[in-house]
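Subject: Structure handover

Hello,

Please find the structure below. Notes on what was found in it follow.

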Amino acid sequence: MNYPLVTLWSDACFFSPYAMSVFVALSEKGVPFSLRRVDLDSDEQLAEPYRQISLTRRVPTLQIGDFRLGESSAIAEYLDERFPAPEYERLYPRDGEKRAKAREIQAWLRSDFVALRQERPTEVLFAGETFAPLSISAQQSAEKLISAVERLLKPGQHNLFGEWSIADTDLAVMLNRLVLHGDAVPDAVADYAHFQWQRASVQLWLSESSKSAVNDTAGL
């Protein structure tokens, strides 16, 4: 099979949950792609070379040939259309209403939970760091998140919609800010987050993050 040249532009340390979402999406699709690193710590995303690549000057950016696209949820939807089932794996549920709910969850995760994201940053997920107890605002944010998951997740179910979707990965990222930190989370919700974290595509991203950390420590 002839594949187009696909490039994913990610943050240099592989700490971006949004770059992770696209990495997982591409891995699930089985589309070969190359990774390019953007050093956010040195504001490389604002420098002229990357400004010519990314309209938003953010990561991730997907490049296929001359076409470039930013914003992770937009990229996931594009990939599902560009590389459709049954030839490729689905990123969204077959059912139209379930697809809409998956997109609702993705949009919500990206636009809400500010306090939770600030007090449980991605260093929890990818570097095992710990932080102070949650503020009242962050506790309220966590309660809202957990309550929603308990409403969505049926007993004994490991995926939100009976089949995996990219929304499961995105939701697990947010939940694991709490679970991996050791914050109080109901067992069923924690089990769901742990299950999603074991997915092969997620483990591939975690491997990239770990390799980046080792290289940084070695001064490479």
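The structure holds 10 salt bridges, a salt bridge being a side-chain nitrogen of Lys or Arg within 4 Å of a carboxyl oxygen of Asp or Glu. One of them joins the side chains of Lys 29 and Asp 80, at 2.6 Å from N to O. This pair links distant parts of the chain, with Lys 29 in helix α1 and Asp 80 in helix α3 (residues 72-82), 51 residues apart. Helices (H or I, at least four residues) and strands (E, at least two) are DSSP runs, numbered from the N terminus. Lys 29 and Asp 80 are both buried; buried means under 20% relative accessible area, exposed over 50%, and partly exposed in between (1.4 Å probe, protein chains only).

Please keep in mind that this is a predicted model, in which local features need pLDDT of at least 70 and side-chain atom pairs count only at pLDDT 80 or more, while totals for chains, interfaces and linings use all residues. Residues are numbered from 1 along each chain as its sequence is written, and side-chain values use heavy atoms, with hydrogens and water left out.

Another salt bridge pairs Lys 101 with Glu 104, their closest N and O atoms being 2.5 Å apart. Both residues lie in helix α4, 3 residues apart, or about one turn of the helix. Lys 101 is partly exposed at 37% relative accessibility, and Glu 104 is partly exposed at 43%.

Strand β1 (residues 6-11) has 6 of its 6 residues buried, so it is largely enclosed by the rest of the structure. β1 pairs with strand β3 (residues 61-64) in the antiparallel sense over 4 bridges, where two strands pair if DSSP finds at least two bridges between them. Trp 9 stands opposite Thr 61 in β3. β1 and strand β2 (residues 34-38) run parallel and are joined by 5 bridges; Leu 8 has Leu 35 in β2 as its bridge partner.

The largest cavity has a volume of about 100 Å³. A cavity is a set of points, on a 1 Å grid over the protein atoms alone, where a 1.4 Å probe fits but cannot get out; lining residues have an atom within 4 Å of a point. The volume is the space filled by probe spheres set on the points, which are joined across faces, edges and corners. α8 (166-179) gives the most to the lining, with 4 residues. Residues lining this cavity include Tyr 18, Leu 109, Asp 170 and Met 174.

Regards

Definitions and conventions: 1 Å grid on protein atoms, 1.4 Å probe; cavity = no way out; pocket = protein on both sides within 12 Å on 5 of 7 lines; lining within 4 Å.
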